[in-house]
Amino acid sequence: MQRTGLAIAIVLMILGPWTRMDAAGTSERRDAQRLLLATTTSTENSGLLEALLPPFEEKYNVVVDVIAVGTGQALEIGRSGDADVLMVHAPELETEFVADGYGVQRVHFMYNDFVVVGPPEDPADVSSAADATDAFARIAQKEATFISRGDNSGTHVKELGLWSAAGRGPSVGREPATDEWHREVGQGMGAVITLANEQRGYTLADRGTYLAYRGDVMIEILYEGDPKLFNPYSIIVVDPQRHPHVQAELAHALSDYVTSAHGQQIIDEYREAGEQLFFPDAE
Amino acid sequence: MNREAFVEAFHLLLSLDRELVLITFNSLRFALASTVIASIIATPLGVAIALREFRGKRFLVSTAHTLMGLPTVVVGLLVFSLLSRSGPLGGLGLLFSPAAVIIGQSVLALPIVFSLVYSGLSRLDPELRETLLTLGASPLQRTTKIIQEGRIAVASAILTAFGRVVGEVGTAMMLGGNIRWYTRTITTAIALETQKGAFALSVALGVVLLIVAFGVNFGLNYLIRFRGSVA
Amino acid sequence: MINMHIRGVRFSYGEPRPRQAAGSAGQAGQTLLEIPHLAIREGTISVLIGDNGSGKTTLLKLLAGLLAPSSGTIETASETVVLVHQRPYLFAESVRANVTWPLKIRRVRRDERRDRVDRALEQVGLTAFARRWAPSLSGGEKQRVAIARALVLQPGALLLDEPTSTIDAASVRAIETVLRRLADGGTTVVMSTHNEASAYRLADELISMAGGRLVPLRVNILHGSALDHGEEHIGRFRVTDGKEIYCPTATGDFTRAVVRMEDIILSTEEMTGSAQNHLFGTVRAVAAVGDELVRVDLDCGFSLSALVTQRSVEELCIAPGMQVCATFKASAVCLY
């Protein structure tokens, strides 16, 4: 009898409703369409999407499934047609993506900013840097420990650009770094912040992720505010001509929504730990 | 990670937090479904091959044995490239869905179930086969009886596969995409929620995973120590 | 009536693979068994004796159809032939479930099943064990469960590989009784054994094997009964046909007298000496066994064979039809 009960429980568990659940644990909008959004970990982790997407989902009776990866991987997913729409932040790669004919309608809609974080004793004296390039130059000159994302994410691309501008960093956008002080770890932002904290090193972090970790780490924001550290986000609809299954209509609707007054207002009002992380800048 | 995270984690556990319960439920049902699928395919195969002698058998068995240690990300990559819109099965649109996770985890579980069923049944007394023959059992009756006699081995194989699948992160992450309320599992949540600084949920999920792992191991020990000795 | 008939059977492991060149077929495996002819009568007990590796188990498996002969034929009159292994495999379930299984797979009705299982368990003396977990039984108990599991099928032929090797003396007698009753009821029983006493007591036909071949017996087995009253350490055994021979005194229910063929001396006239048995008989056959020995078959009211040297045959000019005297000591007789 017990065995039969167990067998029935297993079968029910597997064959039970496969629809997605919402926070109340009830099946949600079974008839809803599904829009796949590939985005960067920084937007997803910040919690912005959970404020920004529900009004859209409601209005269009759609479920937006969010896949949070690095910008490079998000673009790759778009390239193979496995997502409908992308939210990314690496302008050079985005341009290339659109130019190669994988995406249509690339629109800027917000930016956040990067901060240079490091140990409070600040051995490279980054806090007195004139600008972001100078901050990186100081780290390179001192050969102070720097933890790099090394994962082709938007943050990584930004970091490489800054090394290149500083003119003396590792790799300068060519070969992978071999300098002992510059450590590419190939991990997400959170892991990189934790590593930088453990190794008393510097790193370039997006403000949102750093704020989430602030209470648990010693490293502090040592340089911020240079417009070069601004991090523009774009929304790109995957080209439906190349991938016919793409929900182009809904994807365009999402693009229109985040650039609309309503969407922009939500972005402007979103606060994490009392601080504004994202700034709307749709034209 | 601070102390509050642990306090909150236990609060989540004790209050049966909705998200926690759902993620756990997802993890268990993906693992169950893939273990059941793998078992349905691999158990009869393991039995059939354990009972037959043929050319290339040793090669097949050692290949399956090697595949038991298949890295999850390799399986993830393989299935990803199959299910991707640009892959051969792209038309099904299965990537980033529970089905994709279950396919990936079934691939992981297959060689485990097969190898363990095979080796368990080959260790059965060689006289069993002759006994069944001499008592006049048909091929089907023989196979059924052999599975019945090797039930401890079969159950251990399935339990082991479940244990591996429920704790893996590679395929669940690559194929499911860690989509909230949909394909997020205990392991993908722990891997990615930590990035958000959502330590409490990660700790709570870690505790759940440990409980599941302990449960599986206790089950295995029970089978081997208390039922295996008399089999 | 013949129940099992072996003709020109040869068995070797490692059959030549079809893909191999025909020329290499001769290398495939050494011959394990070679029996030109053997007939087993229905309703008798045939006992295979021989050392380990003499081919007893192989012969039983061939008879059971578990092995196929590499060449030759084995004909079996019975539909159901069951082999009980030396160390039987019992299913991981109760004794009753074990014994029921062969009937279950034959879809025998539930009430008939119960009756037949009860009877089989009773036959092997395991009625009280029905609910026990089979794998936890002792070797002897397992052996008896396996026999019951075979008996429940009411087989035409029952084959047993060393059925008494792991059993205590009391159970050996019980199983012998069961086998005897089966054979009397028409079942053909073939068993192998190391237990000489068991072999002599039970065998209607004793089959001696060595190196995968049948070898002639070197003993005379006389059926009959021991007489109760003997005189001064000398007992008497009455052979079935009425003749009596002297043997060591023994009390008990003995039905077999065994005399080794080497222990019998042949002469043309009655010999004087300490030996008590002097039997006159007619030579029926003379056959060489190996290089030096000759087997002489006599009819002295019952069949008796002696193994003597080639030289003594020549000296005595023994030939079929001749009258000779067979002499052997009472102490050369063993009762079983």
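# Strands, helices and chain contacts

Me: In which sense do E3(C) and strand E8 (residues 205–210) of chain C pair, parallel or antiparallel?
Reply: A friendly reminder to begin with: this is a predicted model. Four bridges link E3(C) with E8(C), and in one of them C:Leu48 has C:Ile207 as its partner. The sense of the pairing is parallel.

Me: Which residue of E7(C) stands opposite C:Ser46?
Reply: E3(C), residues 45–49, is also joined to strand E7 (residues 188–192) of chain C. The two strands run parallel, with four bridges between them. Look across from C:Ser46 to E7(C) and you will find C:Val190.

Me: How many of the residues of strand E3 (residues 45–49) of chain C are buried?
Reply: In a regular strand the side chains alternate between the two faces of the sheet. One side of E3(C) carries C:Ile45, C:Val47 and C:Ile49, while C:Ser46 and C:Leu48 are on the other. Both faces are covered, and the buried count for the strand is five of five.

Me: How many bridges join strand E1 (residues 2–12) of chain C to E2(C)?
Reply: These two strands run antiparallel. A handy landmark in the pairing is C:Met4, which stands opposite C:Ile40 in E2(C). The number of bridges is nine.

Me: Against which helices do the buried residues of H2(C) pack?
Reply: Helix H2 (residues 95–104) of chain C is mostly covered, with eight of its ten residues buried. Among them are C:Val99, C:Trp101 and C:Leu103, and also C:Arg96 and C:Asn98. The buried residues pack against two helices of chain C, namely H3 (110–123) and H4 (139–151).

Me: How many nonpolar residues are in the contact of H6(A) with H7(A)?
Reply: From H6(A) come A:Ala132, A:Thr133, A:Phe136, A:Ala137 and A:Ala140, and from H7(A) come A:Leu162, A:Trp163, A:Ala165 and A:Ala166. By class, the contact has one polar residue and no charged ones. The nonpolar residues number eight.

Me: Over which residues of chain A is the pLDDT below 50?
Reply: Chain A averages a pLDDT of 85, and 89% of its residues score at least 70. One stretch below 50 has nine contacts beyond near neighbours in sequence, and another has six. In that order, they are residues 23–27 and residues 172–176.

Me: Which helix of chain B has the highest mean pLDDT?
Reply: Chain B has eleven helices and zero strands, and its average pLDDT is 87. Among its elements, helix H10 (residues 186–196) has the lowest mean, 82. The highest mean, 93, belongs to helix H5 (residues 98–122).

Me: Which pair of chains has the most contacts?
Reply: Chains A and C share no contact, and their closest C-alpha atoms lie 18 Å apart. Between chains C and B, 13 residues of chain C are in contact with 14 residues of chain B, and the side of chain C divides into eleven nonpolar, two polar and no charged residues. Of the two pairs that touch, the one with the most contacts is chains A and B.

Technical notes. Residues are numbered from 1 along each chain as its sequence is written. Chains are lettered from A and ligands numbered from 1 in the order in which they are written. This is a predicted model: local features need pLDDT of at least 70, side-chain atom pairs count only at pLDDT 80 or more; totals for chains, interfaces and linings use all residues. Two strands pair if DSSP finds at least two bridges between them. Two residues are in contact if their C-beta atoms, placed from the backbone, lie within 7 Å. Ala, Val, Leu, Ile, Met, Phe, Trp, Tyr, Cys and Pro count as nonpolar, Asp, Glu, Lys and Arg as charged, and the others, Gly among them, as polar. pLDDT is the predictor's confidence in each residue, from 0 to 100. A residue is buried if 20 or more other C-beta atoms lie within 10 Å of its own, exposed if 12 or fewer, and partly exposed in between; C-beta atoms are placed from the backbone.
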